[in-house]
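Keep the model open beside you while you work.

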Amino acid sequence: MTNSQFGVFGVDPWWLVILKVVAIFVILVLLTLFTIWWERRVVSRMQNRIGPNRVGPQGLLQSLMDGIKLALKEEIIPKTAHLAVYWIAPVISATMAFLAFAVIPFGPTVSIFGVETPLQLTDFPVSVLYVLAIASIGIYGIVLAGWSSGSTYPLLGGLRSSAQMISYEIAMGLSFVAVFLYAGSMSTSEIVSAQQSVWFGVILLPSFLIYITAMTGETNRAPFDLPEAEGELVGGFHTEYSSLKFALFFLAEYINMVTVSALATTLFLGGWMAPWPLSLWDGANSGWWPMLWWLLKVQIFIFIFIWLRGTLPRLRYDQFMKFGWKLLIPVSIAWIIIVAVARALRNDVDFSNQSLLLVGAAVIVLLLLVSWAFQAKSDRKQAALDEAVAAEALVTVDAAAGGYPVPPMPGQEVTITTRRSMAASTTIVADRAVTEAVTNEQENPDG
Amino acid sequence: MNEAVNQGETIVFWVCGFFAVLGALGLIFSKKAVHSALWMALTMISLAVLYVSNQAPFLGMVQIVVYTGAVMMLFLFVLMVVGVDSSDSLIETIKGQRIAAILLGVGLAILLIWGIGSSMTDVGSGSLDDANSIDGGNVQGIAHLIFTTYLVPFEVTSALLITAALGAMVLAHRERWLPKPTQTEMSKARFAASVHPGNLPAPGVYARHNAVDTPALLPDGSVSDISIPGPLKARGDVRPVDHMEIDEIASLDEGSQS
């Protein structure tokens, strides 16, 4: 790119580019090892356990040892696997996970061995779209793994994940639009510098919330981990994978977690900028310090991921799809329209912020009133309907229809009273044998 | 224009060009439909890289997100669900289809060769940097053109796409005559059907083994028939129950109670 605003990028000497690439690789692998340990420890605490604490200080080396063991295990390839695709699927997954990090800004311009360079491998006018593009290629790894295993559960897992990622990528892309409108750019470094005064996570809160939901869906994490729902699909798309190939999927999943967290940090939490109390200190946003703030923000997101996993049960598949298509996407489209109108009014019609807020408040009040009127009307309708259904259901209800499936307790006579007529009652006499047994027991309770 | 082509660009062109052509050939000559789809994805990604190296980063990224990420993925989805793996049948289902296809194919080829050929001779070369800097950047330039000069074609295309999406929804739509049963209703129906509503009893329950051929025993000591897998029952591979032992335990139990 020879664009003027990206003058600081693409001019690094070759050794610096290689250094940055290796550094990103090492950081991601270390973060993966750390995240696995961190997740196991935090989830353990949430479940009143201790978690891995034997290997290394506080068990920190546990995931390294697990990784080595996993890589050295025997590899089992199913007979029905389509070999070429089976081989390439984990490779696609893992390489794409690493690639997305090329445009994530870690910090401002620093000096490395006398060369002034930004702490970011590269940047170009559409780098956020680049992350989306890389993520969408990464899905191929999962889908192909599911298909090429030649087995039912992986295929179902692969199908689920392709449907899931396409659906949630739309909501994710839509949540970026408001950020692009406010930053006036799609490049990560410019989005970070546009948040100097206020973070987009604050002024664009709905976008932020939509993104957090979509990123959980995009990375197959609980409560949206349907492609690998172990209760339903064994392991989902990676059921038939073992040894190093499985390790690659595992690696890709954790790197993707870090990537979406880093993107959330970049787009909504001011990237490497120091948070408020620290930003009062002048040196907070220069030198190598910002990398620490960046890391802390990313860790907050990862903690949220773990917290969600420890808290929420898995969604049912149709609920999950309904949530994505019927709630997230319409809400984000409506929000984008609001943001675009507000921007247009401010830029073109010379509206002040104050009058914009007033008009917005008036519109919201109006909408609330209208929706309240509609709600009241439909509530009345629904109540009438419910009453009719309940009245019908009460007549036919029979908790132990003929003693099945809930047999009456010994000696119990089930009497069911409808609300309509308290007098009309049904009596079910328990099975004769049971009654007899009970009478025997009642006669001599000592047996 | 030739002066602007530096060494890096040449390498990118030859690498991506090779993979694009390879993908196109693979698309045609693959036996499996899924492999064809994958070769096509390779071609699309190579073309996207070529767009980016020709200073059209927006187009390149959108190509990957839309075509590779969404369209090809839906293709794969359908292929996986339907499982189109058999070779094509060569019987014409529509009369004159083959001739029409050949004519249209030749026509398309002529159009493409004519268009590309004339662009190589008639259209002069310009600087990509200049084209990108008119509106202050590649993205701004595309936005400016789409929303001014090409607004009508853009909107017409979007109307066409929306029509197609609506058409697909209408075709796939199924009118419900009865309201969809809720989870509660389905559960009630399952219990009302008077067959075993939950998991079948596991083999070996109340017995001394948990092997699948050991039947579960009911509280009165009789064998639960539904606890044994059907094939084992058919082969007569069910482990007999040692009733003496059970009686002994029962007698001990009785003795301890009285």
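**Exercise 1. Aromatic rings**

Task: find how many aromatic pairs the structure holds over all chains, and describe the pair formed by Trp289(A) and Trp293(A).

Solution. Over all chains, this predicted model holds 30 aromatic pairs, where rings of Phe, Tyr and Trp (its six-membered ring) pair if their centres lie within 6.5 Å, and planes under 30 degrees apart count as stacked, over 60 as edge-to-face and the rest as tilted. A pair of aromatic rings is described by the distance of the centres and the angle of the planes. For Trp289(A) and Trp293(A) these values are 5.8 Å centre to centre and 15° between the planes, and the pair is stacked. Next, look at the sequence: the two residues are about one helical turn apart, because they lie four residues apart in helix H12 (residues 289–311) of chain A; helices (H or I, at least four residues) and strands (E, at least two) are DSSP runs, numbered from the N terminus. Finally, compare accessibility: Trp289(A) is partly exposed at 44% relative accessibility, whereas Trp293(A) is buried at 6%, given that buried means under 20% relative accessible area, exposed over 50% and partly exposed in between (1.4 Å probe, protein chains only).

Before going on, note the conventions: residues are numbered from 1 along each chain as its sequence is written, while chains are lettered from A and ligands numbered from 1 in the order in which they are written. Because the model is predicted, local features need pLDDT of at least 70 and side-chain atom pairs count only at pLDDT 80 or more, while totals for chains, interfaces and linings use all residues, and side-chain values use heavy atoms, with hydrogens and water left out.

**Exercise 2. The surroundings of Ser185(A)**

Task: locate Ser185(A) in chain A and list its polar contacts and other neighbours.

Solution. Ser185(A) sits in the loop between helix H5 (152–183) and helix H6 (188–193) of chain A. With 10% relative accessibility, Ser185(A) counts as buried. Its side chain reaches the backbone nitrogen of Ser187(A) at 3.0 Å, and a polar contact of 2.8 Å links it to the side chain of Glu190(A); a polar contact is a pair of N or O atoms within 3.5 Å, where within protein one must be able to donate a hydrogen and the other to accept it, and residues adjacent in sequence count only if both atoms are side-chain atoms. Leaving aside neighbours within four places in sequence, Ser185(A) is in contact (heavy atoms within 4.5 Å) with Phe180(A), Glu190(A) and Ile191(A). Phe180(A) also belongs to an aromatic cluster with Phe176(A), Phe208(A), Tyr211(A), Phe268(A) and Phe301(A).

**Exercise 3. Where the chains meet**

Task: describe the interface of chain B and chain A by its residues, area and polar contacts.

Solution. Begin with the residues: 36 come from chain B and 30 from chain A. Together the chains bury about 2800 Å², 76% of it on carbon and sulfur atoms, buried area being the accessible area (1.4 Å probe) that two parts lose on being put together, summed over both. Met61(B), Met73(B) and Met80(B) supply 24% of the area that chain B buries against chain A, more than any other three residues. Across the interface, two residue pairs are in polar contact, both at pLDDT 80 or more.
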